[in-house]
Amino acid sequence: MIQTDLHQCILDNLNGAVAVFDADLRLRYLNPAAEMLFGGSSRQLLGMSFNDLIMPREPVIDQLRDAIQSHHPFSKHEQIIDLYSGKEITADFTVTVLHSTFGETEVLFEIIPIDRLLRITREDALVAQQVATRDLLRGLAHEIKNPLGGIRGAAQLLERELHSEEQKEYTRVIIDEADRLQKLVNRLLGPSGMPKHQNVSVHEVIEYVRSVVEAEDLGDIVMHRDYDPSIPDIKGDPDLLIQALLNIVNNARQALGKRGNITIRTRVLRKFTISQQQHRLAVKIDVIDDGPGIPADIKDKIFYPMVTGRAEGTGLGLSIAQRLVHQHGGLIECESQPGRTVFSILLPIYKVSED
Ligand SMILES: Nc1ncnc2c1ncn2[C@@H]1O[C@H](COP(=O)(O)OP(=O)(O)OP(=O)(O)O)[C@@H](O)[C@H]1O
Ligand SMILES: [Mg+2]
């Protein structure tokens with residue numbers, strides 16, 4: 001059926017994945033986008049049966065056979081598909097039955113992965129919720145800050161008036177607790193002032209964070225790096241980016257406890273969408289650890305303030321990191337399972353003309 005060079009050329013250059021099966025549902029052709037999606041070359045995959053190559057969770061074989069008989073095309077939306085490569089994707093697909101002039105029947109299968117699209121929609125809703133919660137808490141923190149200063153000052157004055165050590169213990173408790181609250185409130189309010197944007201080398205930021213973390217006793221935790229040296233500078237405030245990355249690396253360290261591995265990996269992404277804006281280039285900084293993973297009960301909430309899985313945690317680190325990265329037009333994502341947790345900081349790389 002794929003007769004002319006022009007047809008071949010069009011199919012080869014399509015961004016969408018296209019596979020053609022014969023009437024016995026054996027693979028006859030797949031375009032380069034489908035090779036990428038399936039994770040194998042034409043040479044390896046031609047001749048494979050539909051069922052071995054593409055395994056939709058909701059079986060479609062009967063529907064496919066009906067389509068071949070009746071010549072009616074059909075589409076399916078948001079299907080979870082287990083691919084031959086072991087990868088699981090969510091995709092829309094369309095099946096069209098073709099008949100060549102030689103009387104052959106072929107089944108054209110177009111598949112459009114939508115994982116990323118679904119994720120972007122979910123991502124936006126999540127970020128909006130996080131911003132709302134954060135703003136609420138910041139407002140509250142602001143209100144607490146002033147009276148707190150008053151309470152501490154009054155307790156200090158009172159302490160001077162007191163003569164009995166026993167009574168002074170009470171004022172000490174007031175002062176110590178006020179100090180603790182003050183620290184919490186300061187963290188809730190976050191760094192003050194506008195970010196000061198300049199050209200920043202991502203690797204300098206990472207190396208600085210590494211030096212800070214390695215200055216402490218890491219026990220048997222080993223830090224690894226896997227850098228893409230071709231990453232251009234980004235526009236940003238190095239201090240804020242250091243703070244964001246440090247919060248993430250510290251979490252990995254705390255999750256690992258005494259031993260384990262932390263890898264910091266950098267990559268360039270082309271044509272990447274962050275918060276509905278497509279960027280020609282973006283940088284991805286992954287912090288990967290082989291610790292126990294994020295506890296299941298807080299997995300969906302870790303970017304909200306005051307959500308913690310640690311007895312001594314305040315649950316602010318990730319919410320602050322997300323806000324700082326957001327101020328740079330970026331986003332933090334996370335994937336976690338026992339043995340492998342990845343926090344990815346995505347930051348746009350602006351061209352000079354986009355400043
Ligand atoms: N790499 C990781 N592995 C396992 N769990 C993690 C990891 N990173 C974060 N978490 C979980 O997410 C929770 C929230 O993290 P976050 O940094 O916001 O707060 P925290 O570390 O508890 O407190 P704080 O950072 O304010 O001291 C952590 O308490 C922990 O349970
Ligand atoms: Mg933390």
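**Ligand site**

User: Where does ligand 1 sit?
Analyst: Ligand 1 sits in the second largest pocket. A pocket is an open set of points on a 1 Å grid over the protein atoms alone, where a 1.4 Å probe fits, with protein on both sides within 12 Å along at least five of seven lines. To sit there, more than half of a molecule's atoms must lie within 2 Å of the grid points. This is a predicted model: local features need pLDDT of at least 70 and side-chain atom pairs pLDDT 80 or more, while totals for chains, interfaces and linings use all residues. Side-chain values use heavy atoms, without hydrogens and water.

User: What does the side chain of D289 face in ligand 1?
Analyst: An N or O atom of the D289 side chain is 2.8 Å from a ligand nitrogen. For N251, a side-chain N or O atom is 2.7 Å from an oxygen of ligand 1. G317 uses a backbone N or O atom, 3.1 Å from a ligand oxygen.

User: Switching topic, how far apart are the C-alpha centres of domain 1 and domain 3?
Analyst: They lie 38 Å apart. Domain 1 is 5-113 and domain 3 is 192-355, with bounds from an automatic or database domain assignment.

Note on methods
Residues are numbered from 1 along each chain as its sequence is written. Chains are lettered from A and ligands numbered from 1 in the order in which they are written. A polar contact is a pair of N or O atoms within 3.5 Å; within protein, one must be able to donate a hydrogen and the other to accept it, and residues adjacent in sequence count only if both atoms are side-chain atoms. On a 1 Å grid over the protein atoms alone, a cavity is a set of points where a 1.4 Å probe fits but cannot get out, and a pocket is an open set with protein on both sides within 12 Å along at least five of seven lines; lining residues have an atom within 4 Å of a point.
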